[in-house]
Amino acid sequence: MLKYVIKRILISIPLMIAVVLVVFLMLQVLPGNPVSVMMGEKASPDVIERVTEQMGLNDPVWERFIDYLVNAVQGDLGTSYKLSRPISDLIADSFPNTVKLAITSALVSWIIGVFAGIISAIKKDTLLDRFLMGFSLVGISLPVFWGAMLLQFIFGYTLGWLPISGYSTPAHMILPAVILGWTSSGTIARLTRSSLLGIMENDYIRTARAKGLDESLVVVKHGLKNAMIPVVTMMAMQFASLLSGAVITESVFGIGGIGVLMVSAVNTRDMPLLQGSVIFSTMIIIIGNLVADILYSFLDPKIREQ
Amino acid sequence: MINNDSIFEIRGLKTQFFTSKGVVPAVDGVDITVRKGEAVGLVGESGCGKSMTAMSVMQLLKKPGRVVEGTIKLNGEDLLKMNKREINDIRGNRISMIFQEPMTALNPVYTIGKQAMEALMIHQKISKEEAKAKVIDMFAKVGIPEPEKRFSVYPHQLSGGLRQRVMIAMAMICNPELMIADEPTTALDVTIEAQILYLMNQLQKEVGTAVIMITHNLGVVAESCDYVYVMYAGKIMEEAPVKELFKNPLHPYTFGLMNSIPKMTEVKTHLYTIKGMVPNLLNLPQGCRFCPRCDKAMKICTMYQPDLYELEDGHKVRCFLYNKEVMESGK
């Protein structure tokens, strides 16, 4: 087990370096001189040239990459051109909000998704199944920005129950969590349903019934644990993508998270900030996949052994 | 081993599948009697309804299948009249079942020990430690080497033969009155088959469990059963004690089955086969179901269904050849 985890972690390291390289190179080939962006339009070419030299931007690309990588490993992602603050500080400021949003919306998504999936599978082809699957289909198809504004209008503006924007109190967390959770719950619900239905056709389910187990135990104990293997993978990946920033939800609700940070970096052409936040988000996704793999092995003894 | 007190009786069992193409009479009026400690064979080709008989007993039929008529009595109690909870009390406890496919019949995400303990834990009020000790005992009894170590092993780490031993251990763990084995050795190779059959015979004698052995293999029946039912297209065609059946097969179908087994003592260039195919249950012949394939068919066979005639020695056969009136009236 430990060996498997260590192996998976070691495999992730080259992947992370490759990601940093790709992001780094992509931003190198973008047109425009970052120094002229930083200094503004009125700066003279001489000054720009001098600052470029000072910042080491004239060094060969590979040299700058190695420098960047060495600094990144130590937690230094450079300094924002526009905000003149270390990027790691900016990320540290906005990440807690993203984490809160990710956890609350993932909870909404998983609870709705797994329960709806199980009930749909047990009550297959009934009205309840149709309703739940319809509900989850609406969730999958619903554009987040539109759903979010709809919720803001109903619960914030018309009824006045919940705040529309900001992220300071627990009440602020409800609407974003509901809309983001609902839109992601559809995938979980449908996957849980189809996975459980498939599993319930297996011979070992018949064996469990033949032992005299109550049907609910057959589903929960023998069906669900097998059916959850693909679902858990999906959950971990979903959670990782939530952690890497829900750009639209954060923007609509005015939550200062990683997503908003990234958007502002794009809008202000703040390349180091964009680079740093993209790399940070990608790391989160890689770690999320790693966790999914490890969870997977907890559920499936065959993988644990390999 | 044979005595006269029957513990399990199926009477007039009809199981049908209500499909969009019509009603499929998979089991059509089957009577089976099992006496205490007896091993009964149920033989027939694929699709003759032998597995569906077992599934009807365990009430594990899948939709659109349903028992429409008959009684299934275990010591006088009719299983078909029981509610779900009462059935669950019987399943795995008083009647257990072994399935054909040992490779898929065990849950891949639980250890075999845990799975074997499950039936004990629900049917008997004992502690986990006691249950574990019992399971390890049982594993040893069914010939699983190093039972303590194997207790915490997952199914995929075992061979097919060992998995089937685990299934037998699971089926025997509550000392059931009846064990239904549905083609328990079909998926195993011949040497393992012999070991498993030997093991089942041993346990049956030791514990006194009665067995219904469902198989298409007459060799398995000869080796392990006391009494045999031959089934064809949902009906019992012939029944007799095993020695009697092999010595004196009466029904042309049974005769054909026996002749289609290669024998060590004869040199043949062609193996006998029963001509034709198993009838489509949606479109059965009007008369005897075996009639279109029977080389002794008479006119009456195409018009009427024969009853199960009992001969003097208790041998029963569903064929007009053994009905004196029909034979004397000149067909």
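This is a predicted model: local features need pLDDT of at least 70, side-chain atom pairs count only at pLDDT 80 or more; totals for chains, interfaces and linings use all residues.

**Notes on the model**

1. Helix H1 of chain B is followed by Gln59(B), whose phi is positive, near 55 degrees. Most residues other than glycine have a negative phi, and most peptide bonds are trans.

2. The buried ones are Lys50(B), Thr53(B), Ala54(B), Met55(B), Ser56(B), Val57(B) and Met58(B).

3. The loop that runs from H1 to strand S4 (65-74) of chain B contains Pro64(B). The peptide bond leading from Lys63(B) into Pro64(B) is cis, and its omega is near 0 degrees.

4. Which other residues in chain B deserve a look for a positive phi? Asn75(B), which is not a glycine, has a phi of about 50 degrees. Asn75(B) sits in the loop between S4 and strand S5 (77-78) of chain B, and with a relative accessible area of 43% Asn75(B) is partly exposed.

5. Glu146(B) is also not a glycine and has a positive phi of about 50 degrees. The loop that holds Glu146(B) lies between H4 and helix H5 (147-150) of chain B. Glu146(B) has a relative accessible area of 43% and is partly exposed.

6. Helix H4 (residues 128-141) of chain B includes Met138(B). Is Met138(B) buried or exposed? Its relative accessible area is 8%, under the 20% limit, so Met138(B) counts as buried. Leaving aside residues up to four places away in sequence, Met138(B) touches Ala169(B), Met172(B), Ile173(B) and Leu203(B). The C-alpha atom of Met138(B) is separated by 35 Å from that of Val27(B), which is 111 residues apart from Met138(B) along the chain.

7. Strand S8 (residues 210-215) of chain B has six of its six residues buried, so this strand is largely enclosed by the rest of the structure. In a regular strand the side chains alternate between the two faces of the sheet. In S8(B), Ala210(B), Ile212(B) and Ile214(B) point one way, Val211(B), Met213(B) and Thr215(B) point the other way, and all are buried.

8. Which strands pair with S8(B)? Strand S3 (residues 39-43) of chain B pairs with S8(B) in the parallel sense over five bridges, and Val40(B) has Ile212(B) as its bridge partner there. Strand S7 (residues 178-182) of chain B also runs parallel to S8(B), joined by five bridges. Ile214(B) in S8(B) is the bridge partner of Asp182(B).

9. Not counting residues up to four places away in sequence, its contacts are Phe8(B), Val57(B), Met58(B), Leu74(B), Leu79(B), Ile90(B), Pro176(B), Leu178(B) and Ile180(B).

10. How many helices and strands does chain A have? Chain A has 14 helices and zero strands. The chain is divided into domain 1 (32-74) and domain 2 (88-305), and the C-alpha centres of these two domains of chain A lie 40 Å apart.

11. Some totals for chain A complete the note. Its C-alpha trace spans about 85 × 55 × 30 Å along the principal axes. Of the 306 residues in chain A, 45% are buried. Among contacts in chain A between residues at least 6 apart in sequence, 70% join residues at least 24 apart. The accessible surface of chain A is about 15300 Å², and carbon and sulfur atoms account for 70% of that surface.

Note on methods: Residues are numbered from 1 along each chain as its sequence is written. Chains are lettered from A and ligands numbered from 1 in the order in which they are written. Side-chain values use heavy atoms; hydrogens and water are left out. Domain bounds come from an automatic or database domain assignment. Buried means under 20% relative accessible area, exposed over 50%, partly exposed in between (1.4 Å probe, protein chains only). Helices (H or I, at least four residues) and strands (E, at least two) are DSSP runs, numbered from the N terminus. Two strands pair if DSSP finds at least two bridges between them. Contact means heavy atoms within 4.5 Å. Accessible areas come from the Shrake-Rupley method with a 1.4 Å probe; for residues, only the protein chains shown count as cover.
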